[in-house]
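User: I am new to this structure and would like to know what lies behind the terms used for it. Please set each value against its definition.

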Amino acid sequence: MIVLGIETSCDDTSAAVLENGSNILSNVIADQTATHSKYGGVVPELAGRCHIESIDLVITNALKQSKKKINDIDLVAVTVGPGLVSSLLVGLNTAKALAFSLQKPLIGVNHLEGHLLAIFLQEEVEFPYIALTVSGGHTDIYRVDDFGSYKILGRTRDDAAGESFDKVAKMLDLGYPGGPIIEKRAKLGDPLKHQFPRAFLEKDSLDFSFSGLKTSVRNIISKRAIGNLTNLSDNDIAAGFQEAVIDVLVNKLFLACKKENLNRIVVTGGVAANEALRNAVAAKAGLQGFKCYFPNAVLCTDNAAMIACAGYYKNKYKPPSIADTLYLDASANLKL
């Protein structure tokens with residue numbers, strides 16, 4: 001089966017052609033960093049406009065790289081949420097038009113399900129497993145029992161981890177997107193120069209909270225600006241902040257494993273590309289004899305290959321009806 005995946009949930013326009021659920025024939029991504037960097041974050045109206053300008057070319061390039069024709073497509077899979085509605089609608093309406101003109105089935109995919117299954121583009125992971133999905137908009141822990149069978153164990157109560165990286169980078173005037181910048185600066189800093197707080201919430205809670213950490217960073221930057229803490233560099237702040245985030249993520253992840261009595265871990269989402277996070281999870285997993293899996297960096301970010309993968313398995317176990325295609329709609333706060 002040949003699946004065309006389309007992803008436009010936020011600020012990446014992506015199209016991919018996938019064969020039989022795992023063979024990536026193409027995975028084209030057009031990012032909007034240049035457009036949004038001057039604002040220090042994603043501007044929804046501009047994101048939607050950029051998707052409109054890019055999507056036809058991205059799909060054309062995906063087909064060209066895959067050496068497939070549009071008529072070779074057996075199924076169209078598209079992200080329907082969660083995300084920015086102005087962005088989601090561009091991908092959804094394009095997918096509807098293609099599916100209608102080709103008389104092919106169309107299946108809507110939850111963006112988070114794409115992240116949870118992205119690892120299957122690289123290797124088979126035995127069910128069940130614990131998945132930490134950590135990205136710009138989401139920080140969630142799931143128990144994954146099978147394709148289509150997911151249980152939420154914990155989620156952020158305020159800021160997501162990736163969002164916090166962006167905001168701290170903006171506070172330090174380091175640029176956008178913040179994740180890669182903070183990671184790079186943290187390698188040059190000393191996390192012991194200042195110990196930022198860890199929000200573990202109630203005993204045994206698997207929820208996250210990063211708003212207090214973000215406020216703590218702002219207070220330290222303000223104190224430094226008035227002459228206190230002059231020996232604390234941007235790199236030191238980045239290192240201390242990153243260590244605080246990773247400490248909580250790893251602690252909650254392994255607590256979830258203990259609660260669910262599972263020893264298989266998948267870490268996915270944009271922040272999962274962070275080398276320090278990968279190393280911390282892998283080190284603790286090694287000590288406890290756990291198996292841990294990480295998608296390649298390009299599959300951690302928003303991409304259409306993971307959407308095509310999720311669409312393939314959804315279609316395999318529950319093919320969409322014509323009504324599903326006709327009434328498919330976007331949802332900014334779609335639950336999994």
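User: What is the strand order in the open sheet of five strands?

Analyst: The order is 3-2-1-4-5, and the pairing is mixed. This is a predicted model, in which local features need pLDDT of at least 70 and side-chain atom pairs count only at pLDDT 80 or more, while totals for chains, interfaces and linings use all residues. Residues are numbered from 1 along each chain as its sequence is written, and side-chain values use heavy atoms, with hydrogens and water left out. Strands (E, at least two residues) and helices (H or I, at least four) are DSSP runs, numbered from the N terminus.

User: Why do strand 3 and strand 5 count as edges?

Analyst: Strand 3 (23-31) and strand 5 (106-110) each have a single partner strand, so one side of each is left without a neighbour in the sheet. Two strands pair if DSSP finds at least two bridges between them.

User: How do you know that strand 2 and strand 3 pair?

Analyst: Eight bridges join strand 2 (residues 12-19) to strand 3, and the definition asks for at least two. The two strands run antiparallel, with Val-17 opposite Ser-26 in strand 3.

User: What makes strand 7 and strand 8 a pair?

Analyst: Strand 7 (residues 139-146) and strand 8 (residues 149-155) share six bridges in the antiparallel sense, where at least two are required. They form a hairpin with two residues between the strands. Gly-148 in the turn has a positive phi of about 85°. Asp-140 stands opposite Arg-155 in strand 8.

User: Why is the contact of Asp-145 and Arg-143 called a salt bridge?

Analyst: The term needs a side-chain nitrogen of Lys or Arg within 4 Å of a carboxyl oxygen of Asp or Glu. For Asp-145 and Arg-143 the N to O distance is 2.7 Å, so the pair meets the definition. By this rule the count comes to 13 salt bridges.

User: Are these two residues buried or exposed?

Analyst: Buried means under 20% relative accessible area, exposed over 50%, and partly exposed in between (1.4 Å probe, protein chains only). Arg-143, at 18%, is therefore buried, whereas Asp-145, at 29%, is partly exposed.

User: Which parts of the chain does the salt bridge between Arg-157 and Glu-202 link?

Analyst: The closest N and O atoms of Arg-157 and Glu-202 are 2.8 Å apart. The pair links distant parts of the chain: Arg-157 lies in the loop between strand 8 and helix 5 (161-171), and Glu-202 in the loop between helix 6 (178-186) and helix 7 (211-225), 45 residues apart. With relative accessible areas of 45% for Arg-157 and 43% for Glu-202, both residues are partly exposed.

User: What separates Glu-163 from Lys-167 in helix 5?

Analyst: Glu-163 and Lys-167 are four residues apart, so about one helical turn separates them. Their side chains meet in a salt bridge at 3.0 Å, N to O. Both belong to a network of salt bridges that also links Asp-159 and Lys-214.

User: What makes a set of residues a nonpolar core, and how many residues does the largest one hold?

Analyst: A nonpolar core is a set of buried Ala, Val, Leu, Ile, Met, Phe, Trp, Tyr and Cys residues joined through side-chain atoms within 4.5 Å. The largest one holds 48 residues; Ile-182, Val-217, Val-267, Leu-277 and Val-281 touch the most other members. The largest share of this core, 15 residues, comes from helix 8. Apart from it lies another core of 33 residues, among them Leu-75 and Tyr-313.
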